[in-house]
Amino acid sequence: MAVITRVILPEEDGATVRHILRAKLHFSSHAVSRLAHGGACIFVNGEPVHTPRVLRAGDTLAVETADRRTAKTPIVPGNWPLPVVWEDAHLLIVNKPAGMTAHASNLLPDTPTVAGALAWSRGTDFLFHPVNRLDKGTTGLMAVAKSGYVHDLLRRSLHSEHFRREYRAVCLGCPQPERGTVDAPIGRDETSLVARRVRSDGSPAVSHYEVLARGDGLSLLALRPETGRTHQLRVHMASLGCPLAGDWLYGREDPDLIARPALHACRVALAHPVTGERVEVSAPLPEDMERLLRERFPAGTEA
């Protein structure tokens with residue numbers, strides 16, 4: 001069980017447990033309330049205490065961060081491959097394959113899920129806290145917190161210098177200029193249950209792109225989102241007239257080229273919310289995108 005510890009400093013003498021949890025350990029008010037009513041999960045010098053407890057300099061405060069609740073909707077385990085590429089007591093990073101969603105959906109009830117794969121390997125009491133979600137067709141790195149506390153901290157850092165993501169994509173054509181920024185708000189497309197589009201009254205959305213290589217009517221891109229709107233990178237590239245290869249929703253379906261949108265989350269760099277450690281993880285291109293590079297790009301092209 002993951003535990004957060006802190007030795008109380010001289011200048012914190014006289015502070016309550018609640019104050020230290022909120023001001024120094026950055027628990028949300030909801031999380032503090034959950035801890036206060038969750039049984040023995042807060043300790044001072046090994047003794048279980050409540051949040052009004054007054055602390056003294058030199059005291060050791062320990063907080064168990066594991067969730068003491070069950071999932072709202074039962075998760076159905078599934079024996080689906082899901083490589084874990086980095087892990088510690090507080091979070092893990094998986095390399096999601098194509099065709100897998102984060103959670104089960106009424107629209108796609110039989111689809112493999114990250115939640116189900118982790119329930120299979122970790123047990124059904126493992127509560128799933130996805131930090132950065134990936135579309136069903138998108139492959140690559142996805143961070144999963146092991147507690148609501150760590151999830152909350154990571155979500156606050158998402159889209160900041162403390163949590164950066166980079167993607168590789170193959171698009172139709174080549175955007176001009178070959179390096180730039182798309183700053184275009186995104187909202188729902190009223191003509192579709194799932195599609196989004198650029199619209200003036202949408203939510204702010206910013207993506208940076210750079211062309212890495214060109215070949216046979218396609219371009220290999222590095223993409224770096226500043227925000228996290230649904231389908232953001234797909235919508236932004238389509239708005240430039242260069243939809244992702246295989247993107248049936250925003251471009252054209254072409255299973256002979258690739259059977260899904262050619263998008264891969266290749267790198268995650270984050271500041272660990274508990275230890276402060278810099279965590280950087282990379283994932284190579286999946287086989288279908290590698291095949292595109294071999295077949296349609298000049299020899300020697302690398303992602």
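Predicted model: local features only at pLDDT ≥ 70, side-chain atom pairs only at ≥ 80, totals over all residues.
Residues are numbered from 1 along each chain as its sequence is written, and side-chain values use heavy atoms, with hydrogens and water left out. Local features need pLDDT of at least 70 and side-chain atom pairs count only at pLDDT 80 or more, while totals for chains, interfaces and linings use all residues.

View 1. Arg234 has 6% relative accessibility and counts as buried (buried means under 20% relative accessible area, exposed over 50%, partly exposed in between, with a 1.4 Å probe and protein chains only). Look for the polar contact between the side chains of Arg234 and Asp247, at 2.8 Å (a pair of N or O atoms within 3.5 Å; within protein, one must be able to donate a hydrogen and the other to accept it, and residues adjacent in sequence count only if both atoms are side-chain atoms). Leaving aside neighbours within four places in sequence, Arg234 also has contacts that include Asp135, Tyr250 and Pro261 (heavy atoms within 4.5 Å).

**View 2. The buried residues of helix 6.** Helix 6 covers residues 287–296, and its buried residues are Asp288, Met289, Arg291, Leu292 and Leu293. What do they pack against? Their partners are strand 9 (163–172), strand 14 (218–225) and strand 15 (263–271).

**View 3. A salt bridge between Arg179 and Glu210.** The two side chains meet at 2.8 Å, N to O (a salt bridge is a side-chain nitrogen of Lys or Arg within 4 Å of a carboxyl oxygen of Asp or Glu). Arg179 belongs to strand 10 (residues 179–183) and Glu210 to strand 13 (residues 206–215), so the pair ties together parts 31 residues apart in sequence. Arg179 is exposed, at 59% relative accessible area.

**View 4. Glu12 paired with Arg6.** In this salt bridge, the closest N and O atoms are 2.5 Å apart. Is Glu12 buried or exposed? Glu12 counts as buried, at 6% relative accessibility.

**View 5. Arg197, Glu190 and their network.** The side chains of Arg197 and Glu190 form a salt bridge at 3.6 Å, N to O. Arg197 is partly exposed, with 33% relative accessible area, and Glu190 is exposed, with 57%. Through shared partners, salt bridges join Glu190, Arg197, Arg199 and Asp201 into one network.

Key. Helix = DSSP H or I, 4+ residues; strand = E, 2+ residues; numbered from the N terminus.
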